Amino acid sequence: MSVYSDKVLDHFESPRNVGEIENASGVGTVGNAKCGDIMRIFLDIGDDGMINDVKFKTFGCGAAIATSSMATELVKGKSIQDALKVTNKAVMEALDGLPTAKIHCSLLAEEAIHAALWDYAQKNGLEIEGLQQPKSDIHEDESEEED
């Protein structure tokens, strides 16, 4: 029996939204120095503040690829504010859970979305309510995330 849910395996074997968006509205890259995973999310945001398209490139384990894929599915077609609400817990729930040792992958997905939104805000001189400058390495506060 696999330690991964069927949804995790599905998103790993057939990831959605792989690739990059040329001239993306926002690009966010985050990593975890401890495990070596690197995730990059590209957003195409319309003038109406809706996320028209989202792509990702991830270098990492199966869980990192699955969380990237699911995170892109969760923000596609959503408003910036709705995309901000996509937490690592939401990603994990959408995947029917992750093994404890792989929870950091869902944090990468959350941070990558926030980093792409931050990049978009910076490029356009916008302030997005509730958005804080993202970390480039999620390992920085890993002791807090365990609970």
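Helix 2 passes helix 5 in a right-handed crossing; a crossing is right-handed if the near helix is turned clockwise from the far one by less than a right angle, and left-handed if anticlockwise. Both belong to a predicted model, in which local features need pLDDT of at least 70, side-chain atom pairs count only at pLDDT 80 or more, and totals for chains, interfaces and linings use all residues. Residues are numbered from 1 along each chain as its sequence is written, and side-chain values use heavy atoms, with hydrogens and water left out.

Axes are lines fitted to C-alpha atoms, for helices over the stretch in contact, and angles run from 0 to 180 degrees between N-to-C directions. Helix 2 contributes Ala63, Ala64, Thr67, Ala71 and Val75 to the contact. Helix 5 contributes Cys105, Ser106, Ala109 and Ile113. Contact means heavy atoms within 4.5 Å. By class, this contact of helix 2 with helix 5 holds seven nonpolar, two polar and no charged residues (Ala, Val, Leu, Ile, Met, Phe, Trp, Tyr, Cys and Pro count as nonpolar, Asp, Glu, Lys and Arg as charged, the others, Gly among them, as polar).

Helix 2 also packs with helix 1, residues 6-13. The angle is about 90° and the axes are 8 Å apart. Helix 1 and helix 2 are therefore roughly perpendicular. Val8, His11 and Phe12 of helix 1 meet Gly62, Ile65, Ala66, Ser69, Met70 and Glu73 of helix 2. The contact of helix 1 with helix 2 divides into five nonpolar residues, three polar and one charged.

Three of them form an open sheet in the order 1-2-3, with antiparallel pairing. Strand 1 and strand 3 stand at the edges, each with a single partner strand, so one side of each has no neighbour in the sheet. Neighbouring strands are turned by 15° against each other on average, direction ignored. Helix 2 packs on this sheet and touches strand 2 and strand 3; its direction makes about 175° with that of strand 3. Helix 5 lies across strand 1 and strand 2, at about 145° to strand 1.

Strand 1 (residues 26-32) pairs with strand 2 (residues 37-45) in the antiparallel sense over seven bridges; strands pair if DSSP finds at least two bridges between them. Asn32 stands opposite Asp37 in strand 2. Four residues lie between the strands of this hairpin, where Gly36 takes a positive phi near 85°. Strand 2 is joined to strand 3 (residues 51-59) by eight bridges, again antiparallel. Here Ile41 stands opposite Phe56 in strand 3. The hairpin of strand 2 and strand 3 has five residues between the strands, and Gly49 takes a positive phi near 80°.

Overall, the chain has six helices and three strands. Helices (H or I, at least four residues) and strands (E, at least two) are DSSP runs, numbered from the N terminus. The pattern along the sequence is α-β-β-β-α-α-α-α-α. The C-alpha trace spans about 50 × 30 × 20 Å along its principal axes.

Terms used:
Parallel < 35°, antiparallel > 145°, perpendicular 65-115°, else oblique.
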